[in-house]
Amino acid sequence: MAGGESGVVVDGLSTYLPTSLRHITEHVIALKGHARITARHTVVYTENAAGTEFYINGKQFDPNRVDFTSHLNTVEEWTVRNDTDEEHSFHLHTNHLRVMSINGAPAPRGHAWYETFNIPVRGSAVIRTRFTDFVGKTVLHCHLLNHEDKGMMAVLNIVPSHQPITARHGGT
Ligand SMILES: [Cu+2]
């Protein structure tokens with residue numbers, strides 16, 4: 001490899017490296033925690049005893065409420081916990097996610113990008129995402145239609161990087 005092709009690191013992501021090597025490098029950097037994480041969030045999935053109502057952080061979906069706020073062009077780490085006896089998935093509109101760990105163990109395909117990921121029963125997954133271009137309100141939800149329809153969905157507001165996150169914007 002020519003010297004000019006290697007060693008450039010921008011925001012924790014290596015550039016100018018062959019694709020396969022870059023994936024390995026990103027994986028190692030991510031697992032070592034060298035990515036610049038600007039915020040962390042926790043999503044907890046629960047449901048009622050009858051399995052007819054579903055919640056994120058104790059709340060059913062309300063399109064008029066902002067549950068999470070994130071800044072454009074940042075990398076965030078989200079812990080998604082499933083406190084139920086059935087599997088739920090995590091789907092984030094607008095940005096793909098990288099799975100870092102599952103039940104505390106490094107993800108076997110930690111360098112891969114997902115648009116939806118299953119959260120194990122009574123377990124958790126840690127994911128990272130980078131907010132690349134979309135600004136505004138979007139949603140995250142369990143991708144099982146019956147669950148998202150009955151409350152397992154939340155509003156995420158992605159704001160420009162210079163805009164402070166205030167209580168009014170629902171930062172959590
Ligand atoms: Cu679900």
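Student: Which residues coordinate the copper ion?

Tutor: Start with what counts as a donor: an N, O or S atom within 2.8 Å of the metal (3.2 Å for Na, K and Ca), and since water is not among the atoms, sites may look incomplete. Here the copper ion has His88 (ND1), Cys142 (SG) and His147 (ND1) as its donors, at 2.0 to 2.1 Å. Their spacing along the chain reads H-x53-C-x4-H. Keep in mind that this is a predicted model, where local features need pLDDT of at least 70 and side-chain atom pairs pLDDT 80 or more, while totals for chains, interfaces and linings use all residues. Residues are numbered from 1 along each chain as its sequence is written, and side-chain values use heavy atoms, leaving out hydrogens and water.

Student: Where do histidine 88 and histidine 147 lie?

Tutor: First, how elements are named: helices (H or I, at least four residues) and strands (E, at least two) are DSSP runs, numbered from the N terminus. Histidine 88 is in strand β7 (residues 88-92) and histidine 147 in helix α2 (residues 145-149), so the pair ties together parts 59 residues apart in sequence. The chain as a whole has two helices and 14 strands.

Student: Is histidine 88 buried or exposed?

Tutor: Buried means under 20% relative accessible area, exposed over 50%, and partly exposed in between (1.4 Å probe, protein chains only). Histidine 88 counts as buried because its relative accessible area is 1%. Histidine 147 is buried too, at 5%. Across the chain, buried residues make up 44% of the 172 residues.

Student: What does glutamate 148 do for a partner, if it has no salt bridge?

Tutor: A salt bridge needs a side-chain nitrogen of Lys or Arg within 4 Å of a carboxyl oxygen of Asp or Glu. For charge, Lys and Arg count as positive and Asp and Glu as negative, with His and the chain ends not counted. Glutamate 148 sits in helix α2. Glutamate 148 is buried, and its nearest side chain of opposite charge, lysine 150, is 12 Å away. What glutamate 148 does have is a polar contact of 3.3 Å with the side chain of histidine 141. A polar contact is a pair of N or O atoms within 3.5 Å; within protein, one must be able to donate a hydrogen and the other to accept it, and residues adjacent in sequence count only if both atoms are side-chain atoms.

Student: How many salt bridges does a search of the whole structure find?

Tutor: Five. One of them joins glutamate 77 and arginine 128, with the closest N and O atoms 2.7 Å apart. Glutamate 77 lies in strand β6 and arginine 128 in strand β12, so this pair ties together parts 51 residues apart in sequence. Glutamate 77 is buried at 13% relative accessibility, and arginine 128 is buried at 9%. Arg40 joins Glu77 and Arg128 in a network of salt bridges.

For another setting, take aspartate 85 and arginine 122, whose closest N and O atoms are 2.9 Å apart. Aspartate 85 is in the loop between β6 and β7, and arginine 122 in the loop between β11 and β12, 37 residues apart. Both aspartate 85 and arginine 122 are exposed.

Student: Which residues of the largest nonpolar core touch the most other members?

Tutor: A nonpolar core is a set of buried Ala, Val, Leu, Ile, Met, Phe, Trp, Tyr and Cys residues joined through side-chain atoms within 4.5 Å. The largest one has 26 residues, and Val43, Tyr45, Trp78, Phe90, Leu97, Leu140 and Leu156 touch the most other members. Strand β14 gives the most to this core, with three residues.
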